[in-house]
Amino acid sequence: TIGGTARYIGNLNFGGGTDALSVSETGLFSGRLEGATGLAASVSGGILDVKGNASIASLAVTNAGTLAVTLGGADDTNIIVSGDANFGANSKLLLQLSSIEEGEGSHVVLTAGSITGADNLTTSTDFLPFLYTGTLTKNDTTLTVEVARKDTDDLGLNRSEAAAFNAIIDAAGNDEFVENSILGIRDGDS
């Protein structure tokens with residue numbers, strides 16, 4: 001159990017047994033879930049930030065809890081729930097981008113035996129770089145996020161800036177410092 005203001009940042013290995021992970025209040029888990037095929041994960045007001053691939057038994061997000069996912073790169077989130085993934089009222093899917101080159105496109109972030117309450121789930125783009133949009137699509141068994149660059153009109157770029165925009169962003173993916181700087185821009189004022 002991770003509750004109150006507790007934070008656990010790192011990987012957890014559950015050894016393949018039948019286990020439970022509860023994140024509540026303003027608690028945070030951020031890392032990989034390994035050996036977790038028997039894990040019942042619940043988020044009640046806290047944040048479950050799953051990095052990379054994870055196979056779990058069930059997921060319940062309630063009390064305005066947040067499931068955070070990383071899009072692109074080595075930490076690209078792909079959660080497989082063998083049972084039900086349940087989303088209560090005011091549940092959030094927090095989008096994070098970790099790669100310019102691999103971030104754009106379609107990302108299946110969760111596949112479950114069944115998804116209950118998918119209409120309760122809204123996306124939070126608070127940690128998505130300002131230059132990108134993220135759109136959630138959901139069906140009975142899958143949550144998919146489509147990430148795209150905003151067009152130059154949405155960014156308010158003039159003609160000269162617009163002409164250079166895509167080439168600059170594409171080149172930024174070749175320089176880790178520049179890429180991380182761009183990925184860290186959260187609003188148009190930065």
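Me: Two strands count as paired if DSSP finds at least two bridges between them. With that in mind, what makes strand 10 and strand 12 a pair in this predicted model?

Reply: Happy to go through it! DSSP must find at least two bridges, and six bridges join strand 10 to strand 12 (residues 92–97). One of the contacts links Ala68 to its bridge partner Leu94 in strand 12.

Me: How do you know that strand 7 pairs with strand 10?

Reply: By the same test of at least two bridges: four bridges join strand 7 (residues 47–50) to strand 10 (residues 66–71), so these parallel strands are paired as well. Ile47 has Thr66 as its bridge partner in strand 10, and Leu48 stands opposite Leu67.

Me: Why is strand 10 called largely enclosed?

Reply: A residue is buried when its relative accessible area is under 20%. Six of the six residues of strand 10 are buried, so the rest of the structure largely encloses this strand. Thr66, Ala68 and Thr70 point one way, while Leu67, Val69 and Leu71 point the other way.

Me: What makes strand 1 and strand 14 edge strands?

Reply: The open sheet has six strands in the order 1-4-7-10-12-14, with parallel pairing. Strand 1 (7–9) and strand 14 (122–124) each have a single partner strand, so one side of each lacks a neighbour in the sheet. On average, neighbouring strands of this sheet are turned by 15 degrees against each other, direction ignored.

Conventions. Residues are numbered from 1 along each chain as its sequence is written. This is a predicted model: local features need pLDDT of at least 70, side-chain atom pairs count only at pLDDT 80 or more; totals for chains, interfaces and linings use all residues. Side-chain values use heavy atoms; hydrogens and water are left out. Helices (H or I, at least four residues) and strands (E, at least two) are DSSP runs, numbered from the N terminus. Axes are lines fitted to C-alpha atoms, for helices over the stretch in contact, and angles run from 0 to 180 degrees between N-to-C directions. Buried means under 20% relative accessible area, exposed over 50%, partly exposed in between (1.4 Å probe, protein chains only).
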